[in-house]
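Reader: Hi, can we go through this one together? I'm new to this, so please keep it plain.

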Amino acid sequence: MRRVILITDGDKYARVAVEHTAKALNCRCISQSSGNPTSLSGEELVKMVLQTPSDPVLVMFDDCGYSGVGPGEHALTVVAGHKDIRVLGAIAVASNSSYHEWTRVDVSIDQFGELTEYGVDKEGLPDLETGRVAGDTVYILDQLKLPIVVGVGDLGKMRGLDTVEKGSPITRKAVELILERSEDNQREAGRK
């Protein structure tokens, strides 16, 4: 069983931020999952995840603004539903989606690394809505039973506050939060 974190962004900035974070946190990253839009099928991504020598594995998905369920969301559904994969959580990345697709989030991280109950926009600024993020690859998340969904702005960007040169602090904090929650859940399950 491979532990996976789903990330709803796959452009070149997101890829660099996710790769940097994976290395810093001793995670694996499926770099081939990047793309705008996602070019690999869910089945191909599952095969790559299961071939990794260790976990947790960070996997990126991107619809490139496609309305409805696009290639990234389709692949995400296949990966999340596979019997040999345990999804620890998802990072829901905000975008300026013209289709107004959104998902519920348990918590968001703003551009300054602060946790907030509000959603955030592409720049990582708190939104007016509580507990939801608008984006182009997030619609399907509500239909999956995920342990935690963390909302963030555009990975690797956010007005230069999430660049690799700065250590991709927002990307890193989102992954750390999901890992921390999964460990808490494991400890809680062990007590029962």
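Reader: Which backbone nitrogen does the side chain of Asp110 reach?
Author: The one of Phe112, at 2.8 Å. That is a polar contact (a pair of N or O atoms within 3.5 Å; within protein, one must be able to donate a hydrogen and the other to accept it, and residues adjacent in sequence count only if both atoms are side-chain atoms). A caution first: this is a predicted model, where local features need pLDDT of at least 70, side-chain atom pairs count only at pLDDT 80 or more, and totals for chains, interfaces and linings use all residues. Residues are numbered from 1 along each chain as its sequence is written, and side-chain values use heavy atoms, with hydrogens and water left out.

Reader: Where is Asp110 placed?
Author: In the loop between β6 (107-109) and β7 (115-116). Helices (H or I, at least four residues) and strands (E, at least two) are DSSP runs, numbered from the N terminus.

Reader: Is Asp110 buried or exposed?
Author: Buried, yet without a salt bridge. Buried means under 20% relative accessible area, exposed over 50%, partly exposed in between (1.4 Å probe, protein chains only). A salt bridge needs a side-chain nitrogen of Lys or Arg within 4 Å of a carboxyl oxygen of Asp or Glu. For Asp110, the nearest side chain of opposite charge is Lys173, 7.6 Å away. Here Lys and Arg count as positive, Asp and Glu as negative; His and the chain ends are not counted.

Reader: And what is Asp110 in contact with?
Author: Val120, Gly124, Pro126 and Ile170, leaving aside neighbours within four places in sequence. Contact means heavy atoms within 4.5 Å.

Reader: How do β6 and β7 run?
Author: Antiparallel, joined by two bridges. Ile109 has Leu115 in β7 as its bridge partner. Two strands pair if DSSP finds at least two bridges between them.

Reader: What is the strand order in the open sheet?
Author: β2-β3-β1-β4-β11-β6-β7, seven strands with mixed pairing. β2 (28-30) and β7 stand at the edges with a single partner strand each, so one side of each has no neighbour in the sheet.

Reader: New topic. How many salt bridges are there?
Author: The count comes to 10. One of them joins Asp11 and Lys157, at 3.2 Å from N to O. Asp11 sits in the loop between β1 (2-7) and α1 (12-24), and Lys157 in the loop between β11 and α4 (169-191), 146 residues apart.

Reader: Which residues are in the network of salt bridges with those two, Asp11 and Lys157?
Author: Lys122 and Asp154 are linked with them. Asp11 is buried at 13% relative accessibility. Lys157 is partly exposed at 25%.

Reader: What does Arg104 form a salt bridge with?
Author: Asp142, with the closest N and O atoms 3.1 Å apart. Arg104 lies in strand β5 (residues 102-104) and Asp142 in the loop between β10 and β11, so the pair ties together parts 38 residues apart in sequence. Arg104 is exposed at 52%, and Asp142 is partly exposed at 32%.

Reader: Next, Leu141. Buried or exposed?
Author: Buried, with a relative accessible area of 2%. Leu141 touches residues beyond four places away in sequence, including Thr8, Leu76 and Val149.
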